[in-house]
Amino acid sequence: LEVLILEKRGLPLVSFGTLVRSGAITDPPEIPGVDNLTASMLSEGTKKRSSSQIADLLESLGSHLNSVASRECALVSTEALTNHWESALEIISDVLINPTFPKHEFSRVRDELIADLRRVSDNPATIASRASRAILYGPNSRYGHPADGTEASIGLVDVNTLSQHYASHYGPKTCLLYTSPS
């Protein structure tokens with residue numbers, strides 16, 4: 001695990017997160033969007049906490065969790081007041097190390113993503129972006145497929161797919177922990 005510390009004085013706030021060297025480039029060619037869905041599911045339950053417990057704990061600290069995937073990485077991050085940074089770090093660590101991908105949460109998150117993907121056809125900028133990537137790089141390449149997947153590809157994903165993807169691409173050897181303490 002690499003660690004990067006960027007000191008920022010003057011604010012009673014600590015920002016930290018983990019960059020995971022995964023992203024859409026690690027999606028299986030036949031299932032674009034797997035890494036995006038994996039990152040989205042990290043905070044939906046761990047071996048110790050449910051999704052609502054994670055959200056409630058972070059809210060009690062005045063914080064929230066961001067978990068997103070891009071083309072070349074996934075990012076799980078948060079900010080906390082300096083007097084709460086240890087608790088927030090423990091929660092984010094739990095989310096990264098012990099996700100369980102609970103089926104009931106998976107169904108909800110997948111359905112929300114599919115609903116978002118149905119709206120793609122209403123957005124000319126998104127259509128153009130997807131088409132230009134497919135033309136430039138090839139529709140089934142690591143850089144040409146849609147990073148958030150398609151309705152059809154996300155429909156193929158199940159909890160087992162996410163667990164396998166997580167086991168293959170998320171771990172200390174693929175992560176960079178960064179923090180910006182005051």
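Modeller: Gladly; we will take the aromatic rings and then the accessibility labels. This is a predicted model, so local features need pLDDT of at least 70 and side-chain atom pairs count only at pLDDT 80 or more, while totals for chains, interfaces and linings use all residues. Residues are numbered from 1 along each chain as its sequence is written, and side-chain values use heavy atoms, with hydrogens and water left out.

Colleague: How many aromatic pairs does the structure hold?

Modeller: The structure holds three aromatic pairs. One of them joins F101 and Y166.

Colleague: What makes F101 and Y166 an aromatic pair, and why is it called edge-to-face?

Modeller: Rings of Phe, Tyr and Trp (its six-membered ring) pair if their centres lie within 6.5 Å; planes under 30 degrees apart count as stacked, over 60 as edge-to-face and the rest as tilted. The centres of F101 and Y166 lie 5.9 Å apart with 70° between the planes, so the pair is edge-to-face. F101 sits in the loop between α3 and α4, and Y166 in helix α7, 65 residues apart.

Colleague: Why does Y137 count as partly exposed?

Modeller: Buried means under 20% relative accessible area, exposed over 50%, and partly exposed in between (1.4 Å probe, protein chains only). Y137 has 47%, so it is partly exposed. Y143 at 27% is therefore partly exposed too, whereas F101 and Y166 are both buried.

Key: Helix = DSSP H or I, 4+ residues; strand = E, 2+ residues; numbered from the N terminus.
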